[in-house]
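Could we walk through this protein together, one feature at a time? Here it is to look at.

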Amino acid sequence: MKIPEEKNFIKISQDFFETQEWKKRRIFSEIEAILYLILKKEIRISARRLGLVFGWSKAKVVIFIHKLIAKGYIKRRIEEKVNVLTIIKFLKKEKHSSNYKKNNNNEMEKKYIDSGAIHK
């Protein structure tokens, strides 16, 4: 999976992850599982418990975690016999400043760096 350039980021409202569709009990695809971990940023959870969340076996979760570690997507540490998983890729660094530029009418446009979109 290629890491997207900053201009390719999209914003998803946290409300989306509170919908019935997202919370519906199902077997997660790998990409849904990655998205779940991205949302948590850091999660302290056993492989067995994560398997319940994803609808996977413990063995599949362990293999998946090792695959994400090998790809450099997450890091893992063990605390009191429990995995602490931290996402280290795909999280956009927060930028609190914005760039200003003049448009053709010499008006000021505020260009938000976060999505690459221009908001007037």
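**Reading pockets and salt bridges**

Q: Which residues line the second largest pocket?

A: Its lining is Phe-17, Glu-18, Trp-22, Lys-23, Lys-24, Arg-25, Arg-26, Phe-28, Tyr-36, Leu-39, Lys-40 and Val-53. As for the idea, rolling a probe the size of a water molecule over the atoms shows where empty space is left. On a 1 Å grid over the protein atoms alone, a cavity is points where a 1.4 Å probe fits but cannot get out, a pocket is an open set with protein on both sides within 12 Å along at least five of seven lines, and lining residues have an atom within 4 Å of a point. Keep in mind that this is a predicted model, where local features need pLDDT of at least 70 and side-chain atom pairs pLDDT 80 or more, while totals for chains, interfaces and linings use all residues. Residues are numbered from 1 along each chain, and side-chain values use heavy atoms, without hydrogens or water.

Q: Which element gives the largest share of that lining?

A: That's α2, with three residues; α1 and α2 each supply at least two. Helices (H or I, at least four residues) and strands (E, at least two) are DSSP runs numbered from the N terminus.

Q: Which residues line the largest cavity?

A: Leu-37, Lys-40, Lys-41, Glu-42, Ile-43, Ile-74, Leu-85, Thr-86 and Ile-87. Two or more of them come from each of α2 (30-40), β1 (42-45) and β3 (82-87), and β3 gives the most, with three.

Q: How many salt bridges are there?

A: Side chains of opposite charge can pair when their charged atoms come close. Here the search of the whole structure turns up seven salt bridges, each a side-chain nitrogen of Lys or Arg within 4 Å of a carboxyl oxygen of Asp or Glu.

Q: Where do Glu-79 and Arg-44 lie?

A: These two meet in a salt bridge at 3.8 Å, N to O. Glu-79 is in strand β2 (residues 74-79) and Arg-44 in strand β1, so the pair ties together parts 35 residues apart in sequence. Arg-44 also bridges to Glu-80 at 3.4 Å. Glu-80 sits in the loop between β2 and β3, so this pair links parts that are 36 residues apart in sequence. Glu-79, in turn, meets Arg-77 at 2.9 Å. Shared partners join Glu-42, Arg-44, Arg-77, Glu-79 and Glu-80 into one network.

Q: Is Glu-80 buried or exposed?

A: Buried means under 20% relative accessible area, exposed over 50%, and partly exposed in between (1.4 Å probe, protein chains only). Glu-80, at 71%, is exposed. Arg-44, at 45%, is partly exposed, and Glu-79 is partly exposed at 31%.
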